[in-house]
Amino acid sequence: MSDEIDITQMETSEILELIQDDLYDGLADEVEKSVHELLNRGMTPHDVLTQGLVAGMEVVGVDFRDGILFVPEVLMAAKSMKAGMEILRPLLAETGAPQVGTMVIGTVKGDIHDIGKNLVAMMMEGAGFSVINLGINNDVTNFLNAIEEHKPDILGMSALLTTTMPYMEVVIEALKEQGIRDHLIVLVGGAPLNDAFAEEVGADAYCRDAAVGVETAKKLLAIRREKLG
Amino acid sequence: MDNSKEDQKDTYQVFLMPSGKRGKVKRGTNLLHAAEKLGVELESICGGRQTCGKCQVIVESGYFPKHGITSSPDHLSPPQEGEIACCQQHGITGRRLACAAKVLGDVLISVPEESQARKQIIAKAASDRVIAVNPALRQVYVKVEAASLGDPRGDWERLALALETQWGLSELTIDSKVLPNLQRILREGDFSVTVTLWQEKEVLQVQPGYCEGIYGLAVDVGSTTIAAHLCDLRTGEVLSTQASMNPQVRYGEDLMSRVSYATTESQGLARLNRLVIRTLNELAEKATRAAGLTKDDVLDVVIVGNTVMHHILLGINPVELGRAPFALALFSDLDLKARDIGLGLNLAARVHTLPLIAGHVGADNVGVMLSESPHEQDEIMLLVDVGTNAEIVLGDRQKLLVASSPTGPAFEGAQITHGQRAAPGAIERVRINPETLEAQIRVIGFNDWIDLQDGKSIPPEAKPTGICGSGIIEAIAEMFLSGIINASGLFEESARERSVRVRYQGRTGEYVLVDNKHSATGSPIVITQNDVRAIQLAKAALYAGTKLLMAHRGVDRIDRIVLAGAFGSFISPFHAMVLGLIPDCDLDRVIAVGNAAGDGARIALLDIKMRQKAEQLARWVDYVETPLAASFQEEFVAALNLPHSLDLFPHLKEFLPKTDSQKERKLRNKIRNLKGNGPS
């Protein structure tokens, strides 16, 4: 590339800004370089994650929510975020840095659409969450097994059809029966849903799009952690 | 009832069917004014003086889960003296005069066709194609041996023998409803009768003496529109075409809402079934009357419809069509008695339903194939039926592939800020001057281009109320061609300096297609960033489905494209291609047809061989479940840009804006990498 910049000559704050720009433009290689440079300078993996990657994805999320960025750009940003995250993940595990949170997400039984849900999964990863994506057509057992295994903070369910969305209530009822409904934040989304539906089936919130999903997840998780002290 | 709660509210929801117009109005608003405000003009000669009785409306009763409201007659102010007198004078029962009613609660109002100031124009008109006339019915004239003492045989046996000896017709049966009158008719005709046979197997009608004339109905049950063509089965001529809105619309505009309603509401299925059957009976009545016949003259019917309409029509619970694996109750064609499904035609009339292909690919699609014959092409043909669910057929005489793509209702005007169905007042065509960014539009019901330049006045009947599918496709393609939006679909900030029509709400742009002075509603009609996004999502689903079928078939280019679907005027092939709804193709070889499904029904009505052909075709095509394909997501993402982020459109080269900036090239490379890597 002609506009090659020597990042070793830059201020740390400038590199953090550069990461944000590169995430926005979906430049995975550049993001990786910056992450390495910041680590070389002795920044903790957790700080690189929160001040660099997560902060950058927040900007992406806001512009997606406002319709300025669209699915292709957001996907590219999320891929770049993931590239940076791959470097940080083992280090974060080593240092025992605080986790942002874990989410299990899937499309409910009877529904085979998952592009929107995949976008949510990527944006959640972009926000630093660890995401277990169960794919399409998940019945109660699938959800319960995944919850048992991964102990997530958040359960996300998606449906594109009016006819399949009622299954969300079936899953939530099963959570209640198992006595684990209150251990989880349940977020629901998909084209035919709305706030009233979320309330009716006993979910914690309806999320209009991936950006709102991330915002809501963070907000509800913060409230919850505050409550638990 | 929760009247106490209702009383506290000061605004209420008003839904107007069949236009689908909705909105909130203040308590006590006059219903005629409320309708006008929401963009529905009601007929009124007396101007609200409760004398002409033209503004009749029907208040629906019950809970409408789709709209989330409970509607009830007592949500309108009770009739007063003037209205009661007027209704008595005009013999109006079961209806209210909108001019005399005040809104006191949520209401769902059905506006009968005769009350609409702008009558419905339905795009479904039978086209003139060459169709072989070889119907399922045949009339034969026979002289039957008279009854006599010593001959113990019944009159039917004597008639059957006459048919065998005079016409070579053996092993015939007689419809049980013909039998009761057989003896009378034989004697009335002095034992000379005209017999109408179905498929040379069954006697459907016996008439005294010599008669001629056999008639049938070809019916397309669409989720939005139901159309019936009355045909002379000897000449093939269409005697009358009648259409009306599908009254099920009030229980949900898209198919899945109908499935939900049918399966979750008690009596839901029965109600939806009754509505469609009643409409078919009304259309049959209107069509036969227009042709100087009666419903009793109709002896054969062919029906096409999507899978959900098909199941509901036959009283089959569509619950399985609402969830994977989308199992059909049956996919074969059916021969039924019209009376068994509640059709009030000739008592012995027959019904044939064309076969279905898969959970989301129905008899309507088989009809489209009969009409457009992709299976007879030597070239690769793409056949797209655009609607809430787009059906895609691709291939040639060697092999045909079919898929359904979940485009959502954006192409029908739903999810679009000022979207509406294709009805009078809807903008159906759009041109934007690339220099001035001023627009010209065509409005359904007004037969000329309308120049929207500021300062020009336009006739009131040309004032638009919203924009329908064909209009939104052209509007967004024109916005792209004139540089208002770029290839990623984003509003160009620079466009704001070029025209006041481009403005920003917060951070996002919108284009004022029609300002408040020129619109029928008094508010501007705008195309927002979100509208552009909704169309991008819909067209990408369609394009991705097409690309998957092309990959399956191993072709990288298409020789011929047919765009079917009735939403406003025919889709403009050029604009559809600029948008990237369809792949690149010689524009001269892209044609838009209207209601090809209905034409398919007519073909099957007139030519019995085509019914066998339809069944063979339905079983021969390969169905592909596109959303399950591993590459669907990548294809979808790559297809979101206008016209596409990777695929080239050489046939549009001279028209497309030069947008190959460095940034976009970069983006293109990235998407290409993304595709190469496969799903994450």
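B:Ile450 counts as buried because its relative accessibility is 2%, where buried denotes a relative accessible area under 20%, exposed over 50% and partly exposed in between, with a 1.4 Å probe and protein chains only. The structure is a predicted model, in which local features need pLDDT of at least 70 and side-chain atom pairs count only at pLDDT 80 or more, whereas totals for chains, interfaces and linings use all residues. Residues are numbered from 1 along each chain as its sequence is written, chains are lettered from A and ligands numbered from 1 in the order in which they are written, and side-chain values use heavy atoms, with hydrogens and water left out.

B:Ile450 lies in strand 23 (residues 446-451) of chain B; strands (E, at least two residues) and helices (H or I, at least four) are DSSP runs numbered from the N terminus. With residues up to four places away in sequence set aside, B:Ile450 touches B:Ala439, B:Gln440, B:Ile441, B:Val443, B:Ile458 and B:Ala462, contact being defined by heavy atoms within 4.5 Å. The C-alpha atoms of B:Ile450 and B:Gln207, which stand 243 residues apart along the chain, are separated by 56 Å.

Helix 10 of chain B (residues 469-481) has 13 residues, which at 1.5 Å a residue should span 18 Å, in agreement with the 18 Å between its end C-alpha atoms; the expected span is 1.5 Å times one less than the number of residues. Because 12 of these 13 residues are buried, helix 10 of chain B is largely enclosed by the rest of the structure. Its buried residues pack against several elements of chain B, including strand 21 (426-432), strand 26 (508-514) and helix 12 (529-553). The helix is followed by B:Gly483, whose phi is positive, near 80°.

Strand 26 of chain B contains B:Glu510, which is buried at 7% relative accessibility. The side chain of B:Glu510 is joined to that of B:Arg503 by a polar contact of 2.7 Å and to that of B:Gln505 by one of 3.0 Å; a polar contact is a pair of N or O atoms within 3.5 Å, of which, within protein, one must be able to donate a hydrogen and the other to accept it, residues adjacent in sequence counting only if both atoms are side-chain atoms.

Over all chains the count comes to 46 salt bridges, each a side-chain nitrogen of Lys or Arg within 4 Å of a carboxyl oxygen of Asp or Glu. In one of them, the closest N and O atoms of B:Arg138 and B:Glu200 are 2.8 Å apart. This pair links distant parts of the chain, 62 residues apart, with B:Arg138 in strand 8 (residues 137-143) of chain B and B:Glu200 in the loop between strand 10 (192-198) and strand 11 (202-208) of chain B. B:Arg138 is partly exposed at 28% relative accessibility, as is B:Glu200 at 35%.

Between chain A and chain B, about 2800 Å² is buried, 68% of it on carbon and sulfur atoms, buried area being the accessible area (1.4 Å probe) that two parts lose on being put together, summed over both. In chain A, A:Phe70, A:Ile112 and A:Ile115 lose the most area to chain B, together 22% of what that side buries. The contact takes 31 residues from chain A and 35 residues from chain B. The two chains are joined by 2 salt bridges, and A:Asp66 and B:Arg507 meet in a salt bridge with an N to O distance of 2.9 Å.
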